[in-house]
Amino acid sequence: MSSPLGSAFWRLWSSSAASNLADGVNRVALPLLAATLTRDPVAVAGLTALAFLPWLLFALPAGAFVDRTDRKRAMAVANVVRAIALTALAATVLTGTVSLVVLYAVAFAVGVAETVYDSAARAMLPQVVRRDQLDRGNGLLTTAEEASQGFIGAPLGSVLFVLAAAAPLLTTAGGFLLAAVLVVGIAGSHRPARAAGPRTTIRRDVAEGVSWLWRHRFLRGLTLVSASTALTSAMTTGVFVLYALDTLEIGEAGFGLLLTASAAGAVVGGLTAAPLARRIGRTATLVAGCVLAALTLGGMAFTENGVVAGVLFAAGTAGVLFWNVLTMSLRQALIPEALFGRVQGGYRTLVWGGIPLGALAGGLLADATSVPTVFAVSGAVQLVLAGVLWWLLAAHRELVANAFAADEEPAPA
């Protein structure tokens with residue numbers, strides 16, 4: 001029988017659920033708002049690019065920052081900043097002054113705050129659960145994340161948008177404020193322990209984290225595969241609202257339901273990733289998830305039926321969640337706790353930093369060909385990357401198998 005995760009974990013879980021509910025509403029509202037301002041694929045994809053550009057620019061300093069401060073307070077402040085930015089956007093909608101420039105600016109500001117929030121949240125989990133509980137903790141957090149975003153946030157966002165364009169923005173701001181209050185209620189300090197010695201600069205801290213990641217052969221390879229996969233997947237993310245509205249022709253409410261179908265797959269993937277890894281092995285589960293995601297994404301290029309697209313999207317998202325849960329646990333087990341924010345910052349700089357490039361590439365490809373073509377190309381490339389992942393995991397099978405066997409911090413391999 002599994003040992004309890006403890007009250008600190010469940011408070012973190014509650015805050016994460018509230019924050020991700022706000023994210024889910026936002027995930028629908030901003031693209032729909034962009035689609036009311038323009039139907040240009042490049043301009044719509046630019047919203048995704050601006051939302052993720054902060055990961056390319058600020059993930060490293062954000063990681064260094066969360067290795068210097070109380071992580072729960074960093075999460076709270078980041079959520080307050082996101083609430084203020086979205087309230088300001090709602091004000092422009094209500095006064096009729098909203099524009100693509102304003103929308104881009106708010107998406108960028110929210111993205112900057114997210115680099116701090118997400119870095120702190122991921123670094124905090126190993127502080128509240130044991131190493132052998134990481135898979136379970138990540139599975140529960142990821143399931144809450146996807147359920148809040150998709151099952152509640154996505155349909156709520158689309159319904160609120162139909163009623164009034166400002167309504168989902170104000171709802172999102174309230175959700176971020178609630179999450180900030182919940183995380184501050186976690187007892188104790190969650191500032192990481194640092195080695196004794198002279199004070200260091202942010203620049204030196206960043207260099208230490210990047211150097212550690214580069215010297216770890218397995219995590220270096222995993223980062224490169226992850227970055228390539230994220231860039232390729234982002235090609236579809238940037239034009240996804242156009243896929244729903246123009247290819248499937250399911251309308252704004254249908255767009256929200258499509259994201260809800262994705263959430264259903266995410267919940268299944270998040271809950272089954274850890275048990276499946278115990279049964280068939282971590283390598284087999286990760287590779288199977290990547291193959292499933294690639295095949296279903298490519299398959300979406302060949303249907304104009306909303307129900308079929310929803311089923312494919314749900315299955316593919318389950319595969320993505322296998323990846324998200326198990327690779328996050330691997331990183332948390334392999335990276336020293338005092339370095340986690342900085343190393344994770346280096347990882348996210350490459351992985352999420354490639355998303356703006358992928359989104360713009362998808363917009364350009366859709367403009368030159370068609371939106372379904374973007375899905376076909378993305379699925380084909382991801383299938384090749386699944387083969388590269390299998391080779392990487394096989395080459396480091398002993399490290400992967402022993403990552404959770406001991407409490408001491410593994411050295412770079």
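Trainee: What makes α11 and α15 roughly antiparallel to each other?

Mentor: In this predicted model, the axes of helix α11 (residues 282-299) and helix α15 (residues 371-395) come within 7 Å and cross at roughly 170°. Angles over 145 degrees count as roughly antiparallel, and α11 and α15 are therefore given that name. Local features here need pLDDT of at least 70, side-chain atom pairs count only at pLDDT 80 or more, and totals for chains, interfaces and linings use all residues. Residues are numbered from 1 along each chain as its sequence is written, and side-chain values use heavy atoms, with hydrogens and water left out.

Trainee: Which residues in α11 meet α15?

Mentor: Among them are Leu286, Cys290 and Leu297 in α11, which meet a set in α15 that includes Phe375, Leu383 and Trp390, where contact means heavy atoms within 4.5 Å.

Trainee: Why is Thr349 called buried?

Mentor: Thr349, which has its place in helix α13 (residues 340-351), is at 11% relative accessibility and therefore counts as buried, since buried means under 20% relative accessible area with a 1.4 Å probe, protein chains only. Not counting residues up to four places away in sequence, Thr349 touches Trp55, Leu56, Ala59, Leu60 and Gly354.

Trainee: What makes α12 largely enclosed by the rest of the structure?

Mentor: Of the 29 residues of α12, 21 are buried, so α12 is largely enclosed.

How values were computed
Axes fitted to C-alpha atoms, helices over the stretch in contact; angles between N-to-C directions. Helix = DSSP H or I, 4+ residues; strand = E, 2+ residues; numbered from the N terminus. Parallel < 35°, antiparallel > 145°, perpendicular 65-115°, else oblique. Buried < 20%, exposed > 50% of the residue type's maximum accessible area, 1.4 Å probe, protein only.
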